[in-house]
Each structure stands twice: as C-alpha cells, then as structure tokens.
4 protein chains.
Amino acid sequence: MIQKRPKYKQIIDAAVIAIAENGYHQTQVSKIAKQAGVADGTIYLYFKNKDDILVSLFQEKMGNFIEKIEDEIKTKQTASEKLYFLIEKHFSLLAEDHHLAIVTQLELRQSNKELRIRINQVLKGYFNVLDKILTSGKETGEFREGLDLRLARQMVFGTIDEIATTWVMNDQKYNITEQAMKVHELIVYGFIHQS
Amino acid sequence: MIQKRPKYKQIIDAAVIAIAENGYHQTQVSKIAKQAGVADGTIYLYFKNKDDILVSLFQEKMGNFIEKIEDEIKTKQTASEKLYFLIEKHFSLLAEDHHLAIVTQLELRQSNKELRIRINQVLKGYFNVLDKILTSGKETGEFREGLDLRLARQMVFGTIDEIATTWVMNDQKYNITEQAMKVHELIVYGFIHQS
Amino acid sequence: MIQKRPKYKQIIDAAVIAIAENGYHQTQVSKIAKQAGVADGTIYLYFKNKDDILVSLFQEKMGNFIEKIEDEIKTKQTASEKLYFLIEKHFSLLAEDHHLAIVTQLELRQSNKELRIRINQVLKGYFNVLDKILTSGKETGEFREGLDLRLARQMVFGTIDEIATTWVMNDQKYNITEQAMKVHELIVYGFIHQS
Amino acid sequence: MIQKRPKYKQIIDAAVIAIAENGYHQTQVSKIAKQAGVADGTIYLYFKNKDDILVSLFQEKMGNFIEKIEDEIKTKQTASEKLYFLIEKHFSLLAEDHHLAIVTQLELRQSNKELRIRINQVLKGYFNVLDKILTSGKETGEFREGLDLRLARQMVFGTIDEIATTWVMNDQKYNITEQAMKVHELIVYGFIHQS
DNA sequence: CATGAATGAGCCTTCATTCAT
DNA sequence: CATGAATGAAGGCTCATTCAT
C-alpha cells in the first residue's frame, strides 16, 4: 500500500527528534524542515503554523496510542487488570521512544493556553478510557461505590504523568515500565492496604 | 520596621498579576515594570533576566508556603492528618490567590529545561516535607511498610498538581479547597477501601 | 550576464553611503536596509552582524583596489614609478568616492580589536604590494641597501593614511590627488635631497 | 604640597587602565568608578560625560608630554637632533606606559567625529612643535627649501603613529624605542641616501 | 563634595511565515 | 506540490546619566 501523506509523517517524525534534541523554542521551523529533508515552505503545506506541528504530533502519536489501548483493553477482564494494562502500556510507549518521551513530558508543556486546550482535546480520549475503566470497576464492585469519577481520573493521570516526567527529567536512567505494577498497586490500594 | 527590599517584592507581585493576565510570553518586561511602577531597567537590578523573574516568583511564593507548612504541620499528630493538612493548605494557597494559581499551574510550565531545574530545586523542599510525612506514617504503622517512598511522593504531588491544573483550566469555577478531604481519602485508601 | 549576488553589493553600497552620512554608531541596521531597499532581515542573509557589514565593505572595496593595483603596477618599470603609481591611485580611489573616503578614514577606525584584526588581514595585501615594490627597489639599487623593509612600509602607509585622514577631516576641501607627486618625493628623498 | 584635584587624576588613571584592559566600548563608567575607588556619580563631578573622560585623559597625558618636549627640545641644537629627540621621546612615552599605549593607539580611535575634533585640538600642540622644528630646519638649510610644511608634518606624525600602532597591535613584543634612530633616518634621508 | 539606586531611551537580531517561481 | 529567498514585526537588555540623600 502506498503511504498516505508520506511527507506529513516525515515532518512529524522529524519534529519529534528535533524538538526532543533542542527544545521547542530552540527548534526553528527550518531545523525541522532540514531534519525532514523538505523545504521550509513545505511545512506550511501540511501544518497551519509551528504550534500546529506540536499539537499534530501529539494528536498523531497519542491518538494512535489511545485507539490501540481502547481496542486491546477489551480483552482484559477486571477493571483492575484494565487499569494495570493502561499504566503499563503508557510507560512502554514512552520507554520505547526516547524522543517522544521528552517531547510529551517536557516540551509539550511549553505551550500557551490555546495550545493546551487542543492538547486537552486529545487527552479527552485518554480520560474517556479511564472513565470507562473506573465506571466498570464501580459497577462490578471492584472499586468502591462512592469513588469520585473525576478525582479518581485525575489521580490516575496525575500520578502517571508525574512519574513519567520525573523519569524523563532524570534522563530516563531507570526502567520505568518495571514500575507499572507498584504504581497500579498504589493507586488501587492506597497507602494502607497490605498487598 | 523598614520593608526589606521593597522593590523586589513589588516586582514579584506585579509579575504575578501581569503574567497571570497575559501569559508569560505575552508579558513584556516593560509590562511588568509598568505594573510594578518602576522603570524597565530597575527590573534588572533585582533579577538576572526575564526568566529569573519567573523562577524567583516561584521561589518566593512556594518557598514561603513550604516553610510555613513545615512549621504548622508539627502540630498535627498522625501522618494522615499531616497529609490532609498539606493538601488542604496547598489548595487554599491557590484558591486564595487567583493570579498565583494561574502562574503556578500554567505559565510556570512554559519554561525551558534550565528553568525547570531551578523550579525543581524549590520543589525539593516540598518533596522533603512529603517524605517526612510518609516516613513517619510508615514508622507508626499508619501506612504500610512496603510503601515505595518515591512513588508515593510522586503520586501525592502528581495528584494534587493535576487536580489544581484542571481546576485552573476550568477557570477556577468550583471550590477546590472543599475537595481536600476526598483527595486525601483517595490517596490514602485508594479505590477499594470503604470509608 | 546575471549579476552575482546583487543584494550583497547593493547592501555594501548602501552601507557606505549610510555610514558615511551618519557615522557608524549612528547608523542603525534598519537605516542601511532602507537605503539598500531591502528588509532588515535580508541584511542577515548576507552578513553575520552589523560589524561584519563594515569589514565586508572594506574587504570588497579595498580588496578590489589592491588586486587592480597589483595588476597595473606591473606595467611600471622602476620601483619609484611603482610607488608613485600606488600613492596616486590610492588618493584617486578616495577622491573618486566621497563616501568611501569617510568610511575608510574615519568610521572604520571606530571598531573594536576583533574587527581591526580582520581589517588588518585585508591590509596585508596592501602591505605585500608595498613590500614587493620596496624589495625590487633595493634589488635594482634604486633604494639604499640598508632600507628596513618593515619600517619603510610603515612609513609609506602611515604617511598616505595620515594625509588622507587629514584631508577627509578637512571635508575634502582640496584636491588630494594632486599631492601624490610631492608625497612621493618626500618619501623617497626625505627632507634633504634637492629635487 | 597638597595634590590638586586628587580625584580627577585618580579617575584619569583608572580610566587608562580600565579602557586599556577592556576596550572603550566595553568599559562602563561604573567600571572606571570601581577602578578609581569612587562612586559612579562622582565621575560626573569631574567629567561632562564618558567621552569627556577619554578626551581629558588624552589632554592630560599628551598635553603634559608636549609641554615637556617643547621645553627639553630647546636644548637641542640642530633641527635633525630635535626631530630625533621628539621621535625617541614619543616612543619612550608609549613604551613606558603599557596601558597608555593601548588607549592612545587603539581605543582613542573608536571615537566619533566630535571627539576626534577635540583630540585634534590637543594634537595641534604636537603639530606646532613639529612645525617649529621643520621651519627651523629650513631656515638653517638643514632641510631643503621646497619642503612642504604640512605634508612633511603629516609624514612625520603618520609614520610615528603607524609604527606605534603596529607595535601595540603586535602586543608590544619588541622594543620600539630602539627604532627611533632608524625611523629618524628614514624620515630625514628617505629611501635613497646612504647613511 | 560624594553616593549609588533608579532611570528609560534605544537597537540589533531572530525566525515564523509568505509567495513568486 | 515544492521550493527557499525575502520579509518585518517585536522585545529583552544595557548602561550613561541623574538626583535625592
């Protein structure tokens, strides 16, 4: 099959590398173009502006991830298993793409309010998956009835995100995927339960 | 008593307001100067550069907060109480200063790697407080023995931070301080325990 | 034939005029751009920075002059004739370009050490021509054997330069080219010889 | 005797050092003040502005030199002797004050037109001395009758100046005072005469 | 006379974006 | 579709100078 919009992906991938290696504000559009092997102007045939590259990149990578997760998660039985699976896959995604991890955890944050709104649009898909897991957990009785959906969702995402960011800031020195089990345990059982 | 470094605090406070209202990158140094009622050049008598204002602001505000917390927390008996106190005070801090909340949760993130390292220096104080609480909880048996200090700390901070950020992005429409109890419960008991 | 690097020369010529009329420090880059009929940013496609314009200008104008002189001087027989030719042409160069004279004799001096080193690189070509003339004069016996090459070269250049500078500072009121004969005589015969 | 205007000289001397070591444009007024051990504002009690320091410095140092020369030169008999004495003393002045040499030969040139006019005022004294020597030489028959006073004066000054500048730019590596004899010879006898 | 904190005018340079080819 | 030369807006920072003490 012929690649759809080959230059689009080419530019996205170039942007991930360039931004990860130089930082968003230090990455000129011309640098991305060079890395992608296209002319500066070509970028603007595929993206509205520089910010759009950053968002599109996130949409592409994180969107794909969410879709995949949503599919695969159906094979898991319990809400707890689903949650573990999500955590593990999220960490794996970052661990497998060194550059993406930097862009996602550090560079993406350097965006203005407008950008962050579009980024949150993408995250909505992630939050939906989480909500489904939590709701199903409540329905089956795995999770307690009174569990506040919004707070729980924010706890899960906030925890995963913070752990990932710290890991990236420590130059990804340790194996983050290995921690999925303990993180899952911490979220589900809190500080008290003896596991 | 004569105010210590009145211009310094004057500029910090002006910066909080200006940056909260316009965004960091949209806030020219001259705008901060105007808001502070000083000349542009005066800024540079107290701060190395524009970025330094942002970090100093955080050092000043968050540093003070951490010191105060550290003191007050000693009056609390159990680790659980201490943790609740921290969460409640953190939310209160943001709820009480509309502008600071925006700067802390949104604008501060738009900083490059170097800045973030200095910000993390400040957060170390926060993390130390958290570690002390967690350790004391483990010692008294309130928290389980196997609790991973680092992960637990990251969970607490990640959760608080994410909840605060979402609240700010929703224009601080609801009362965040009220949620302290439920957040505390969620962290300590996880998804399962019936409280 | 298509002009080679038309914008480059365009900017150089604009810079000569603008700097001559306003002085180097009073000539903003935007002023040069306007004079050249290009955008400010275009300057930086051809020059590293403002200082680079000044040096490049000198390289271009003086470099061309030296090359031309080197060629034409070969047609002259004696060292004395060659020397006269050089002096006369040097004065002519300045007399024919009012603006260039100002820039060369006055504005170019307002440069820092780094710049002056690059300027001296260009002058090396000039000094080489001088050295060749002096050496040939010594070989043919026109000039005395004991003549110190370095000092003689510095005397010739220093004399020409000082006379040119004074002429420029006096608003180029008199005809400098006419003086070539007497200057040549002074240099070759000194204060004593009756010519 | 109580020093007259001790701070004035203090600042002048500080300026010579600071400017020699950092370059004129890199020497902030505050740097001169610090070097002089006075407050920034004090500078302006003695000098109109920054440029005025540079000119005053030159007036002080070169003015003194010219006065001294004018006196001492009277003891010399012939015009040639007088000229030699001048050259030798000029070189000595620079050789004896490393910093002054840099300021005089390099930094002083980085001045705008207005400054240079005031500098030339000081040099008029120098030129007068030269003119007297040359005129007397012509009267006694030492120098040829047709000698153009203005050109001869410019040749002497241009030669000395160029030799001094080159010496400074070469980091004053060799002994310049030693060259006085050969320079004198070159000026008086030109390229031809066998000395 | 002396201080030094405060002033504020001024400009080089970058770089996202455009558009003629 | 693709190019890349040209554009031009925009602002952080310096530092000579002032003046209240």
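**The interface of chain A and chain B**

Good morning. The contact between chain A and chain B, where contact means heavy atoms within 4.5 Å, takes 48 residues from chain A and 47 residues from chain B. This is a predicted model, in which local features need pLDDT of at least 70 and side-chain atom pairs count only at pLDDT 80 or more, while totals for chains, interfaces and linings use all residues. Residues are numbered from 1 along each chain as its sequence is written, chains are lettered from A and ligands numbered from 1 in the order in which they are written, and side-chain values use heavy atoms, with hydrogens and water left out.

How much area is buried between the two chains? About 4,200 Å², of which carbon and sulfur atoms give 61%; buried area is the accessible area (1.4 Å probe) that two parts lose on being put together, summed over both. On the side of chain A, A:R144, A:L151 and A:F191 supply 21% of the area buried against chain B, more than any other three residues.

Let us turn to charge. By the rule for a salt bridge (a side-chain nitrogen of Lys or Arg within 4 Å of a carboxyl oxygen of Asp or Glu), there are four across this interface. One of them joins A:K182 to B:D148, with the closest N and O atoms 2.8 Å apart.

Finally, consider the nonpolar core, a set of buried (under 20% relative accessible area, 1.4 Å probe, protein chains only) Ala, Val, Leu, Ile, Met, Phe, Trp, Tyr and Cys residues joined through side-chain atoms within 4.5 Å. The largest has 141 residues, and A:Y126, A:F191, B:Y126 and B:F191 touch the most other members.

Definitions and conventions
Buried < 20%, exposed > 50% of the residue type's maximum accessible area, 1.4 Å probe, protein only.
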